[in-house]
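Here are my notes on the model, point by point. Please read them with the structure open.

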Amino acid sequence: MDIRFLGGAREVGRSAILVNDALLLDFGMLTANPPQFPLETPDPEAVVVSHGHLDHVGTIPTLLSGDGRPPIHWTPPTAELARTLARDTLKLHGGSYNCPFTEPDLKRVTQVSETHDYREPFEAAGHEITFYNAGHIPGSAHVLVDDGETRLLYTGDFHIDAASSEANGHADPVVGQRLVAGTTARPDADIVLCESTYSDVDHEPRATVEQRFVESVETTLWDGGTVVVPAFAIGRTQELMLVCAAHDIPCYVDGMGTQVTEMLRQYPSYVRDGEAFRRAISHARFVTGRDGQRKRIVDQKAAIITTSGMLSGGPAMTYIPEIRRNPANKIAMTGYQVEGTPGRDLLETGSAEIDGRVMPVSAQVEQYDFSAHADRDGLFEFLESYRDSPVLINHGDRCEAFAEELRADGIDASAPELGDVVSV
Ligand SMILES: [Zn+2]
């Protein structure tokens, strides 16, 4: 088996891996200014996608801009998320170099789409493929690729639940994400390609993060303030909706997360607890933005869950200027903030460029780690099941260092570079 790295090697973003020159795994976009795309656009016989985040699906329609019409295999939620993201990219960047595909390319995606559930093997470009729940976002999959001689397990992005003992002592034991259960599948494989986003981070137990978040939000609401909760549209928005519903925190939901939530409602089997998700949807109030609604709700003593997660666009651009002057208000960031984003600047300097204007913020600013990725312990725990197989590390800022740490632990690990071909 030949495994060629067209993106996502020793970096996060634009994941793209070509297997045996025929089967493409993921085709993502690296969000930056300007955005970056995989090293080249191949002409694969078939495409298999791990999950519906921009860094894994963002460039997919480009594969249909020539004469090739490769089938694209994914789970039903991933298919929907990919189209939602592509429409958003067209809206933001259509017709410029920052968008490498067109509306007709996107229409063709629907024509070649083939959906599969977890653990239902199918054939793609002469390979047998099986999806397993990766526990990252709804529809996310580990991808097992069998070419008849070698079985490759591509983890995609994944999350692992903590051992339940960690959650003991909490009335409502939270062992992982409320939205999706962590991965438990460990299919046999001859070689593993593993993400490493948080290879040097030990996440605080989820129950503790959640408790701190809830207490902080409640305190602000009791004091008469409003809490803006910037959140990514896919996964994080729904996770925060579930947290608010579980603790009866009044909340509004705004931005692309509202469409994503509406879509996921149709796939209750892809969330941890379909009934809890349904309750969270009826608990939340969805913002349309019509008739000055946003300016009215900023003094409603509620949490406002809104895109964008790093304050680089979306309705957050309306809410932050409205609430920033009052120290009784709060901005609760819900994930990692990339260097150079307004969210990161706000945390580090107390001011940020919002919608083209640098603004000092007197409202309180806090950060919570509601991660959807395995942390260092989780990665070691997962790879423990693959001690006898070579392991390739990708999707991280320190892939080489992590591979070296795994080697010190007796695992045959390496971190391929962009453009490398690994033959096994
Ligand atoms: Zn992801």
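1. Aspartate 26 sits in the loop between S3 and S4. Its phi is positive, about 65°, although aspartate 26 is not a glycine. Most residues other than glycine have a negative phi. Keep in mind that this is a predicted model.

2. The loop between strand S3 (23-25) and strand S4 (46-48) also holds proline 34. The peptide bond leading from asparagine 33 to proline 34 is cis, with omega near 0°. Another cis bond runs from threonine 307 to serine 308, again with omega near 0°. Serine 308 is placed in the loop between strand S15 (303-306) and helix H9 (316-323). For context, most peptide bonds are trans.

3. S3 and S4 belong to an open sheet of seven strands. The order is S6-S5-S4-S3-S2-S1-S22, with mixed pairing. Which strands stand at the edges? They are strand S6 (113-115) and strand S22 (421-423). Each has a single partner strand, so one side of each has no neighbour in the sheet. From one strand to the next, the twist averages 25°.

4. Within this sheet, S4 pairs with strand S5 (residues 72-74) in the parallel sense, over two bridges. Valine 48 has histidine 73 in S5 as its bridge partner. Helix H3 (residues 103-112) lies across S5 and S6. The helix runs at about 40° to S6.

5. Now the salt bridges. The structure holds 23 of them. One is formed by aspartate 21 and arginine 4, whose closest N and O atoms are 3.7 Å apart. Aspartate 21 lies in the loop between strand S2 (16-19) and S3, and arginine 4 lies in strand S1 (residues 2-7), so the pair ties together parts that are 17 residues apart in sequence. The cut-off for a salt bridge is 4 Å, so the 3.7 Å pair is counted.

6. Seven strands form it, in the order S7-S8-S9-S10-S11-S20-S21, and the pairing is mixed. Its edge strands are strand S7 (122-124) and strand S21 (413-414), each pairing on one side only.

7. How many bridges join S11 to S20? Four bridges link strand S11 (residues 191-195) and strand S20 (residues 391-394), and the two run parallel. Valine 192 has valine 391 in S20 as its bridge partner. Helix H11 (residues 376-384) lies across strand S9 (141-146), strand S10 (151-154), S11 and S20. Relative to S11, the helix runs at about 170°.

8. The chain is divided into two parts: domain 1 (2-202 + 375-423) and domain 2 (206-367). The C-alpha centres of the domains lie 27 Å apart.

9. Look at the interface next. In domain 1, 30 residues are in contact with 24 residues of domain 2. The domains bury about 2300 Å² between them. Of that area, 64% is on carbon and sulfur atoms.

10. What polar pairs cross this interface? Nine residue pairs are in polar contact there, both residues at pLDDT 80 or more. The count of salt bridges between domain 1 and domain 2 is two. Elsewhere in the list of pairs to inspect, arginine 272 forms a salt bridge with aspartate 161. The closest N and O atoms of that pair are 3.1 Å apart.

Conventions. Residues are numbered from 1 along each chain as its sequence is written. This is a predicted model: local features need pLDDT of at least 70, side-chain atom pairs count only at pLDDT 80 or more; totals for chains, interfaces and linings use all residues. Side-chain values use heavy atoms; hydrogens and water are left out. Two strands pair if DSSP finds at least two bridges between them. Contact means heavy atoms within 4.5 Å. Axes are lines fitted to C-alpha atoms, for helices over the stretch in contact, and angles run from 0 to 180 degrees between N-to-C directions. Domain bounds come from an automatic or database domain assignment. Buried area is the accessible area (1.4 Å probe) that two parts lose on being put together, summed over both. A salt bridge is a side-chain nitrogen of Lys or Arg within 4 Å of a carboxyl oxygen of Asp or Glu. A polar contact is a pair of N or O atoms within 3.5 Å; within protein, one must be able to donate a hydrogen and the other to accept it, and residues adjacent in sequence count only if both atoms are side-chain atoms.
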